[in-house]
Amino acid sequence: ILGNISLHKKPIKGDFTLSAYVNVTGTSNAFNDAAIIFNYVDSNNYCFVSLNEGNDANTHGIFIVKNGVSAQVADFQNTIIPETPYTVGISKSGTNIS
């Protein structure tokens, strides 16, 4: 089941800063999560931020998918609390993502 989805349909080329408001819907499941996809080239090449309540298996951070293989480049140590709004900021400068 999909929750709220927001899509920015215009490609952003070069460096950018993106801000998004995220609210993870709480359930009885400890795997509540949300994601923001950015720097999308195709289904095998993109970046994403994953906010995961349980941070199981390092699923809470910044990831790069290259040629279909996902690699975590930063792990978030803070805890996500469901039903709490968060502001997520993503910046890309050259090849650096933060």
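The side chain of Lys92 reaches the backbone oxygen of Gly94 at 3.2 Å, a distance that falls within the limit for a polar contact (a pair of N or O atoms within 3.5 Å, where within protein one must be able to donate a hydrogen and the other to accept it, and where residues adjacent in sequence count only if both atoms are side-chain atoms). This is a predicted model, in which local features need pLDDT of at least 70 and side-chain atom pairs count only at pLDDT 80 or more, while totals for chains, interfaces and linings use all residues. Residues are numbered from 1 along each chain as its sequence is written, and side-chain values use heavy atoms, with hydrogens and water left out.

- Lys92 is placed in strand 6, where strands (E, at least two residues) and helices (H or I, at least four residues) are DSSP runs numbered from the N terminus.
- Although Lys92 is buried, it has no salt bridge, and Asp15, the nearest side chain of opposite charge, is 4.5 Å away; buried means under 20% relative accessible area, exposed over 50%, and partly exposed in between (1.4 Å probe, protein chains only).
- A salt bridge requires a side-chain nitrogen of Lys or Arg within 4 Å of a carboxyl oxygen of Asp or Glu, and for charge, Lys and Arg count as positive and Asp and Glu as negative, whereas His and the chain ends are not counted.
- Leaving aside neighbours within four places in sequence, Lys92 is in contact (heavy atoms within 4.5 Å) with Gly14, Asp15, Phe16, Asn39 and Ile97.
- Ile97, in strand 7, is also the bridge partner of Lys92.

- Three strands form an open sheet in the order 1-6-7, with antiparallel pairing; two strands pair if DSSP finds at least two bridges between them.
- Strand 1 (16-23) and strand 7 (96-97) stand at the edges with a single partner strand each, so one side of each is left without a neighbour in the sheet.
- Strand 6 and strand 7 are joined by two bridges in the antiparallel sense.

**Strands 3, 4 and 5**

- Strand 3 (residues 45-52) pairs with strand 4 (residues 61-66) in the antiparallel sense over five bridges, and strand 4 is in turn joined to strand 5 by six bridges, again running antiparallel.
- Val65 in strand 4 stands opposite Tyr46 and has Ser70 in strand 5 as a bridge partner.
- The hairpin of strand 4 and strand 5 has two residues between the strands, and Asn67 there takes a positive phi near 55°.
- Asn45, which lies in strand 3, counts as buried because its relative accessibility is 18%.
- The side chains of Asn45 and Asp42 are joined by a polar contact of 3.0 Å, and Asn45 also touches residues including Val65, Lys66 and Asn67, not counting those up to four places away in sequence.

**Phe76**

- Phe76 is found in the loop between strand 5 (69-75) and strand 6 (85-93), and it is partly exposed because its relative accessible area is 22%.
- The C-alpha atoms of Phe76 and Val49, which are 27 residues apart along the chain, are separated by 9.8 Å.

**Whole chain**

- The protein has zero helices and seven strands, and buried residues make up 26% of its 98 residues.
- Among contacts with a separation of 6 or more, 38% are between residues 24 or more positions apart.
- The accessible surface comes to about 7000 Å², of which 53% belongs to carbon and sulfur atoms, with areas from the Shrake-Rupley method and a 1.4 Å probe; for residues, only the protein chains shown count as cover.
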